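Work through the exercises below with the sequence and the model side by side, trying each task before reading its solution.

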Amino acid sequence: KCVVAHALEFELDAIYILKAAQLSMEAGVFSAMALNAFVEAQYSLHLALSLLEKAKLGRNSSSQRLKAEVLHELGRVYRYQGSYNESERSLLESLEISQQVSRKDLAVRKYVADTLHELGVLEVKKHNLDSAAQFLQRSLELRQSLTDTESDSVNASCAATLHQLAAVYVARKPPSLEKAKALLQDALKMCRQIGQRAATLKQLARVTIRQGYLEKAEIYLEQALELYLELYGDNKLHINIAP
């Protein structure tokens, strides 16, 4: 991070500026996801944007693709801080750039889907459930259209979007519990990650409790607990394991 900060002070070739911007973005993601240091993350991501501006590569595909990624991550950091308007602006700009680049580079469709998902999550936070459902459904359809639909990463992404869609149907008034349960069951079929499966099982238990199926809910909770114990060990202080 210290090295990257000095990149603005020197006249470097565009390729080195791009590398510095990539490093600054990665530093921002690490600060946010590993350290919960959101102010530092914001600084690193804004620095990455400044470096990309300095590179003056215009519509260069690599530069635009990286800019879209930086804006996506910045949108997430703003959301974590509760700055929803700033988050929306960053994510919409990221989406616009990704959609433009994806016309020539189909691989970028994954980033389009990721940003649609993130916009859906943001709309849930803002209690705009209809808008959230639209963004999440678009993300899901795009993810399902990707050529490597059997890959674990794509399946995990689809499962995450299904999980969020289910949350939207639960939050609606009146809630659509049967639809939410079906979405969660679909998510469970697709996810392989222990933590993701446990969270989905726990959400399934909540839905089935509200439907009055207490015995089924108990089975889901026991399965979730078993997975959490596998993930965290016998750590009774962890929020997902503590009685």
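**Exercise 1.** Decide whether Tyr232 is buried, exposed or partly exposed, and describe how its ring is placed against that of Tyr228.

*Solution.* Tyr232 has a relative accessibility of 33% and therefore counts as partly exposed, where buried means under 20% relative accessible area, exposed over 50% and partly exposed in between, with a 1.4 Å probe and protein chains only. Tyr228, with a relative accessible area of 5%, is buried. An α-helix has 3.6 residues a turn, so residues three or four places apart point the same way. Tyr228 and Tyr232 form a stacked aromatic pair, 6.0 Å centre to centre with 20 degrees between the planes. Rings of Phe, Tyr and Trp (its six-membered ring) pair if their centres lie within 6.5 Å, and planes under 30 degrees apart count as stacked, over 60 as edge-to-face and the rest as tilted.

The model is predicted, so local features need pLDDT of at least 70 and side-chain atom pairs count only at pLDDT 80 or more, while totals for chains, interfaces and linings use all residues. Residues are numbered from 1 along each chain as its sequence is written, and side-chain values use heavy atoms, with hydrogens and water left out.

**Exercise 2.** Classify the pair formed by the rings of Phe38 and Tyr80, and locate both residues in the chain.

*Solution.* The ring centres of Phe38 and Tyr80 are 5.5 Å apart and their planes meet at 40 degrees, so this pair is tilted. Phe38 belongs to helix H3 (residues 38-55) and Tyr80 to helix H4 (residues 61-80), so that the pair links distant parts of the chain, 42 residues apart. Phe38, at 22% relative accessibility, counts as partly exposed, and Tyr80, at 29%, counts as partly exposed too.

**Exercise 3.** Find which residues of H9 are buried, and which helices they pack against.

*Solution.* H9 has 14 residues and reaches 20 Å from its first C-alpha to its last. Its buried residues are Leu177, Ala180, Lys181, Leu183, Leu184, Ala187 and Leu188. They cover an arc of only 165 degrees around the axis, which puts them on the same side of H9; the arc is that of the directions from the helix axis to the C-beta atoms. These buried residues pack against H8 and H10. Leaving aside neighbours within four places in sequence, Leu183 is in contact (heavy atoms within 4.5 Å) with Leu162, Leu165, Ala166 and Tyr169.

Methods: Helix = DSSP H or I, 4+ residues; strand = E, 2+ residues; numbered from the N terminus. Expected span 1.5 Å × (residues − 1).
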